Amino acid sequence: MQKYAFRMNLHPGKAEEYKSRHDEIWPELVELLKSAGVSDYSIHLDEETDHLFAVLWRTNDHAMGELGEHQVMQKWWQHMADLMETDASGAPVVVDLQPMFHMP
């Protein structure tokens with residue numbers, strides 16, 4: 001298993017709606033993420049900067065790189081695009097975060 005952390009950018013004033021949509025996350029999206037090897041996934045908000053910090057565990061043979069090819073993921077991105085910074089494909093702009101400290 002690998003721990004993976006990344007940052008995304010929420011549009012100002014969109015935190016409540018972002019949380020609301022994730023409180024009602026689609027079961028088919030959860031299943032897709034799990035089938036790609038993703039587990040224990042959480043997202044946190046820095047309210048001062050509107051940065052979203054995400055951390056998840058993924059299997060060594062994960063298929064996260066293929067998630068964007070799936071219709072469910074593409075629909076989710078469209079559903080979330082008005083709330084956050086996205087790239088030309090509609091995917092959230094993701095900045096990988098480098099591990100600096102870990103206390104087991």
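## Helix packing and pockets

E28, L29, L32 and L33 of α2 are in contact with V72, M73 and W76 of α3. The model is a predicted one. Helix α3 also packs with α1, and both α1 and α3 are among the elements that give two or more residues to the lining of the largest pocket.

**α2 with α3**

- The axes of these two helices, α2 and α3, come within 9 Å and cross at roughly 125°.
- α2 and α3 are therefore oblique to each other.
- The crossing of α2 and α3 has left-handed sense.
- Sorted by class, the residues in the contact of α2 with α3 are six nonpolar and one charged, with no polar ones.

**α1 with α3**

- Helix α1, residues 15-23, packs with helix α3, residues 71-80, at an angle of about 150°, and their axes are 11 Å apart.
- Angles over 145 degrees count as roughly antiparallel, so α1 is roughly antiparallel to α3.
- The crossing of α1 and α3 is right-handed.
- On the α1 side the contact is made by Y18, R21 and H22, and on the α3 side by W76, H79 and M80.
- By class, the contact of α1 with α3 has three nonpolar residues, two polar and one charged.
- W76 takes part in the contact with α1, and W76 is also listed in the contact with α2.

**Largest pocket**

- The space in the largest pocket is about 950 Å³.
- Its lining has 40 residues, and those nearest the centre of the largest pocket are F6, H22, L33, Y41 and I43.
- Two or more lining residues of the largest pocket come from each of β1 (2-9), α1, α2 (27-35), β2 (38-46), β3 (51-58) and α3.
- Strand β2 gives the most to this lining of the largest pocket, with eight residues.
- The lining of the largest pocket comprises 26 nonpolar, nine polar and five charged residues.
- H22, one of the residues nearest the centre of the largest pocket, is also part of the α1 contact with α3.
- L33, likewise one of the residues nearest that centre, belongs to the α2 contact with α3.

**Second largest pocket**

- The second largest pocket holds about 290 Å³ of space.
- K3, Y4, A5, F53, V55, D96, L97, Q98, P99, M100, F101 and H102 line the second largest pocket.
- At least two residues of the lining of the second largest pocket come from each of β1 and β3.
- β1 gives the most to the lining of the second largest pocket, with three residues.
- By class, the lining of the second largest pocket has eight nonpolar, two polar and two charged residues.

Definitions and conventions. Residues are numbered from 1 along each chain as its sequence is written. This is a predicted model: local features need pLDDT of at least 70, side-chain atom pairs count only at pLDDT 80 or more; totals for chains, interfaces and linings use all residues. Side-chain values use heavy atoms; hydrogens and water are left out. Axes are lines fitted to C-alpha atoms, for helices over the stretch in contact, and angles run from 0 to 180 degrees between N-to-C directions. Helices (H or I, at least four residues) and strands (E, at least two) are DSSP runs, numbered from the N terminus. Angles under 35 degrees count as roughly parallel, over 145 as roughly antiparallel, 65 to 115 as roughly perpendicular and the rest as oblique. A crossing is left-handed if the near helix is turned anticlockwise from the far one by less than a right angle, and right-handed if clockwise. Contact means heavy atoms within 4.5 Å. Ala, Val, Leu, Ile, Met, Phe, Trp, Tyr, Cys and Pro count as nonpolar, Asp, Glu, Lys and Arg as charged, and the others, Gly among them, as polar. On a 1 Å grid over the protein atoms alone, a cavity is a set of points where a 1.4 Å probe fits but cannot get out, and a pocket is an open set with protein on both sides within 12 Å along at least five of seven lines; lining residues have an atom within 4 Å of a point. Grid points are joined across faces, edges and corners, and a volume is the space filled by probe spheres set on the points.
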